Every structure is written in structure tokens, then in C-alpha cells.
Amino acid sequence: MSGRTLLVTGATGGVAGALLQALDPAWDRIALISRDADGLETLCAHLPESLQAYTIVADVSTAEGADRAVAQASEHLGESPTQLAHCAGSALLAPLHRTTEAQYRACIAANQDSAFYTLRAWVKARLQANEPSGSAVLFSSVVTQIGVSNHEAIAMAKGAIASLVPAAAATYAGHGIRINGIAPGLTRTGATERLFASPRAEQQITAQYPLQRYGQAEDLARAAAWLLSDEAEWVTGQILSVDGGFSRVRPLVQAGG
């Protein structure tokens, strides 16, 4: 994986942080994008010494923000980033009738809009390169594949990403550009920690998963690192479920649990 450059959005989140720890040491030029300037500074203080990281404060949920982020990353890295890990996003758990317009708009912007604008900006930059190959990974969700209550807005937003991935993969496959997605189950990170507020809540969450545990950021990071690598060079347009069997296997719930 030497000689490659990586753009990571949502860089201060748990999944992005785990991805940076999971990368092959050959990665030495990375652009980290977030709206959180203080979080970026803290992140860089804990990165492996082998990683040469540049930080960019930007809001990729807007076209202007995404274009500027990719342009600045290209300037810092000396080329348009060959790889993209779009980890930006947010979660919203609320039933449809209690979801406000502001909540809905924020959910769409953080997830659907950020994915579209970031991927568009990255693809445009790659097409201008001498060898416009590359690989991108976006994050959808298991709730786009199976109905889960109180997830209407986030299912809609993440469902758009699940549709974007194969469509864009078809458009740019001829340029050697691979685009894939990951559909996680519930993953314990700082953003979801509130859902694990009590031992009973954690037990109930665990019982939903056939593999008898909920997800960790490292589970998603390993999958993303593989999709970005040459080991997945014949994989494009796919949505990889990383969900402990949630979407395909009926869990065994012990009696009296």
C-alpha cells in the first residue's frame, strides 16, 4: 500500500480513529477532515509516529465544504488522495411522528449530503490525475436492510448511501476507481455510548446479535482497511454487512435472559 494517500472524513469519530490504527504502516500521508478543530489536534497527538497526517477543518455536508476539503488535501498531499474513507455522519433515533424538521434536515445533511458531496469532490479530483484509479469506502447501515423501529430518518439517509455506492461504482469502474460501502450493526463508539447507559440496556442490545456481541469500531476499521487495500482490487459496488449476523441470521435468545 506504499505510495498511496488517504482522505478521511469524520476523522475525530471512533470508527475513523480505529481505521487510522488499523492501517498498514506503509501509509504515511493522510488528510484528516473534521468540523472539530480541537478534536483533530487531540487525534494527531495519539497517531502512530509512522503516519504523516494533515488536518483540515471543513464541513463536508455542503458542496463548497467538500470541494474545499479535497482541494486542500490534494495540496497538502501533493496529489489528489488515491483513497477515501468517508466516516462522517450522525445517528438519529426517533419515531417518524416525533422527528422534527430540524432533526430530519440535520440527519440528511450529515449522512446523505456529506456522502454525495464528498464522493463527488473526490471523484472529480481523481479523474484529473494521470492515473485516475483509486478506492473509496462509505458507510451505510444495517437499518437499510431490515426494519428497525425508531430509525426512519437515519434509515432513509443511509439508504441513499447504499444506492449511491453501486451507481457510482458503475459509472467510474472503467477508470479503475472502486467504490464500496459498509453496513454496520450497532457499534459502540462515543456517538452511541448513551445507548449503553445501563447493564440491562447493554444486555438487551447484545441479545439482538447472533454472534452474541455488539460491534466495536475496530470491526468496521478492519473491513474498511481491507476494502481500501489491493487485496480487494476485484471488489466494487458492494455493500458489506458488518453486523454480527443481525440482518441475515436469527439470534438465539436464552430463556430467562
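Predicted model: local features only at pLDDT ≥ 70, side-chain atom pairs only at ≥ 80, totals over all residues.
Let me begin with the cores. The largest nonpolar core has 29 residues, and those with the most contacts inside it are L6, V8, L20, I30, L32, F139 and I182. At least two residues of this core come from each of β1 (6-9), α1 (14-22), β2 (30-34), α2 (37-44), β5 (134-139) and α7 (217-228), and it is α7 that gives the most, with eight residues. If we take V8 and leave aside its neighbours within four places in sequence, we find V8 in contact with A16, L20, I30, A31, L32, I33, A85 and C87. There is also a second, separate core, this one of 28 residues, which includes L7, A31, V70 and L138. As general background, nonpolar side chains in soluble globular proteins tend to be buried together.

Now to β6, residues 177-184. Eight of the eight residues of this strand are buried, so β6 is largely enclosed by the rest of the structure. On one side of β6 point I177, I179, G181 and A183, while R178, N180, I182 and P184 point the other way, and all of them are buried.

What does β6 pair with? With β5, β6 pairs in the parallel sense over six bridges, and G134 stands opposite I177 in β6. Between these two strands the chain crosses from β5 through helix α5, residues 152-172, to β6, and this β-α-β crossover is right-handed. Strand β9, residues 239-242, also runs parallel to β6 and is joined to it by four bridges, with I239 in β9 as the bridge partner of G181.

Methods. Residues numbered from 1 in each chain as written. Heavy atoms only, no water. Core = buried A, V, L, I, M, F, W, Y, C linked by side-chain atoms within 4.5 Å. Buried < 20%, exposed > 50% of the residue type's maximum accessible area, 1.4 Å probe, protein only. Contact = heavy atoms within 4.5 Å. Pairing = 2+ DSSP bridges. Right-handed = clockwise from strand over helix to strand, strands pointing away.
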